[in-house]
Amino acid sequence: MTYTVTKSFASTLIFGSFLLSHGAFAAEEAKTAVEQGKELAVNLCQACHHFEGTEQAGTVAPPLVAMKARFPERQKLYEIIYDPHVATKSHTMMPPFGRNGLVDDNQIQLIIDFLYTL
């Protein structure tokens with residue numbers, strides 16, 4: 001009888017932990033691309049750039065406003081985020097987020113999704 005209870009208890013623990021981890025994963029997936037991009041932008045961009053929806057106003061770099069109008073071609077904005085030293089000017093203070101491996105291609109696309117809402 002003890003064996004059955006222990007086995008049942010172990011099964012419940014394993015299944016329960018699966019549900020919890022699956023639930024956390026599902027919650028992360030539930031964030032839209034724009035929400036994920038905003039989270040990345042807040043962590044990476046707001047120290048230097050000002051943009052709406054953040055508490056900190058970066059004053060070192062240009063404000064991030066009217067981004068879709070300013071950069072109608074996503075590829076240009078992608079190149080700036082990936083490596084601004086090549087895409088804009090070699091002496092820029094902006095870090096090459098993609099080239100340095102700080103973000104991957106998908107994360108850059110998420111950031112652009114968010115920036116296009118500004």
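This is a predicted model: local features need pLDDT of at least 70, side-chain atom pairs count only at pLDDT 80 or more; totals for chains, interfaces and linings use all residues.

Trainee: How are α2 and α6 oriented to each other?
Mentor: The axes of α2 (residues 33-44) and α6 (residues 105-115) come within 7 Å and cross at roughly 100°. Angles of 65 to 115 degrees count as roughly perpendicular. The two helices are therefore roughly perpendicular to each other.

Trainee: Which residues of α6 meet α2, and how do the residues of that contact divide?
Mentor: On the α2 side, look for Ala33, Val34, Gln36, Gly37, Lys38, Leu40, Ala41 and Leu44. Their partners in α6 are Gln107, Leu110, Ile111, Asp113 and Phe114. The residues of this contact divide into eight nonpolar, three polar and two charged.

Trainee: Which residues of α6 are buried, and what covers them?
Mentor: Buried here means under 20% relative accessible area. In α6, the buried residues are Ile108, Leu110, Ile111, Ile112, Phe114 and Leu115. What covers them includes α2, α3 and α4.

Trainee: At the start of α6, which backbone nitrogen does a side-chain oxygen of Asp104 reach?
Mentor: Go to the start of α6 and find the side chain of Asp104. One of its oxygens comes to within 3.1 Å of a backbone nitrogen, and that nitrogen belongs to Asn106.

Trainee: How many salt bridges does a search of the whole structure find, and which residue pairs with Asp113?
Mentor: The search finds three salt bridges. In one of them, the N to O distance for Asp113 is 3.0 Å. Asp113 lies in α6 and its partner in α4 (residues 74-82), so the pair ties together parts that are 39 residues apart in sequence. That partner is Arg74.

Trainee: Is Asp83 buried or exposed, and what about Arg99?
Mentor: These two side chains meet in a salt bridge, at 3.0 Å from N to O. Asp83 lies in the loop between α4 and α5 (84-87) and Arg99 in the loop between α5 and α6, so the pair ties together parts that are 16 residues apart in sequence. With a relative accessible area of 7%, Asp83 is buried. Arg99, at 44%, counts as partly exposed.

Trainee: Which residue forms a salt bridge with Lys31?
Mentor: Lys31 counts as partly exposed, with 28% relative accessibility. The closest N and O atoms of the pair are 2.7 Å apart, and the partner is Glu39.

Trainee: Where is His49, and which backbone oxygen does its side chain reach?
Mentor: You will find His49 in the loop between α2 and α3 (67-70). His49 is buried, at 13% relative accessible area. Leaving aside neighbours within four places in sequence, His49 is in contact with Gly58, Ala61, Pro62 and Leu64. Its side chain reaches, at 2.6 Å, the backbone oxygen of Pro62.

Trainee: What is the phi of Ala66?
Mentor: Ala66 is found in the loop between α2 and α3, and at 38% relative accessibility it counts as partly exposed. Most residues other than glycine have a negative phi. Ala66 is not a glycine, yet its phi is positive, at about 50°.

Methods. Residues are numbered from 1 along each chain as its sequence is written. Side-chain values use heavy atoms; hydrogens and water are left out. Axes are lines fitted to C-alpha atoms, for helices over the stretch in contact, and angles run from 0 to 180 degrees between N-to-C directions. Helices (H or I, at least four residues) and strands (E, at least two) are DSSP runs, numbered from the N terminus. Angles under 35 degrees count as roughly parallel, over 145 as roughly antiparallel, 65 to 115 as roughly perpendicular and the rest as oblique. Contact means heavy atoms within 4.5 Å. Ala, Val, Leu, Ile, Met, Phe, Trp, Tyr, Cys and Pro count as nonpolar, Asp, Glu, Lys and Arg as charged, and the others, Gly among them, as polar. Buried means under 20% relative accessible area, exposed over 50%, partly exposed in between (1.4 Å probe, protein chains only). A polar contact is a pair of N or O atoms within 3.5 Å; within protein, one must be able to donate a hydrogen and the other to accept it, and residues adjacent in sequence count only if both atoms are side-chain atoms. A salt bridge is a side-chain nitrogen of Lys or Arg within 4 Å of a carboxyl oxygen of Asp or Glu.
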